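Good morning, and thank you for coming.

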Amino acid sequence: MNTENEDTDLKKVGLELMFLTPEKCGCEDGITAVELAKRTGIKVDIVKKKLNILKDKQVARVKGINPKYWKFDDYCFQRLDDNDEIFHLLCNFDDVDFSRFFEYN
């Protein structure tokens, strides 16, 4: 996947889920799409579409019905093919500001 066609919203949602710690979640089951939308600054309907893409690739797990709680599935992510577009998208850290995900003292 080249940078011209890169889905930046999908990358933001995926990385936010990937680096989500239990301390950042309102619930131990994961994070809702609404909370994720607030964290990423992306509209809720777009976040839901991106979460479903990640779920279809088995990179994200969902629990519950209303609300749905989302979590990153690290095991399935590591089992993705090296040539998979989602794998490349979430492993490309060239333009990622890690201070967004971690607090450095």
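The buried residues of helix 2 are covered by several elements, including helix 1 (8-18), helix 3 (44-56) and strand 2. Please bear in mind that this is a predicted model.

Which residues of helix 2 are buried? In helix 2, which spans residues 33-40, they are Ala33, Leu36, Ala37 and Thr40. Seen down the helix axis, these buried residues fall within an arc of 105°, so they line one face of helix 2. Just after helix 2, Gly41 takes a positive phi of about 75°.

Let us now turn to strand 2. This strand covers residues 69-72 and contains Trp70.

Is Trp70 buried or exposed? Trp70 has a relative accessible area of 4%, and since buried means under 20%, Trp70 counts as buried. Among the residues that Trp70 touches are Leu17, Ala33, Leu51 and Val62. Leu17 lies 53 residues from Trp70 in sequence, yet their C-alpha atoms are 7.9 Å apart in space.

Finally, the neighbouring strand. Strand 1, residues 60-63, pairs with strand 2 in the antiparallel sense over four bridges, and Trp70 is the bridge partner of Val62. The two strands form a hairpin with five residues between them, and in the turn Gly64 has a positive phi of about 95°.

Note on methods:
Residues numbered from 1 in each chain as written. Predicted model: local features only at pLDDT ≥ 70, side-chain atom pairs only at ≥ 80, totals over all residues. Heavy atoms only, no water. Buried < 20%, exposed > 50% of the residue type's maximum accessible area, 1.4 Å probe, protein only. Contact = heavy atoms within 4.5 Å. Pairing = 2+ DSSP bridges. Arc of directions from axis to C-beta. Lists of a residue's contacts leave out its neighbours within four places in sequence.
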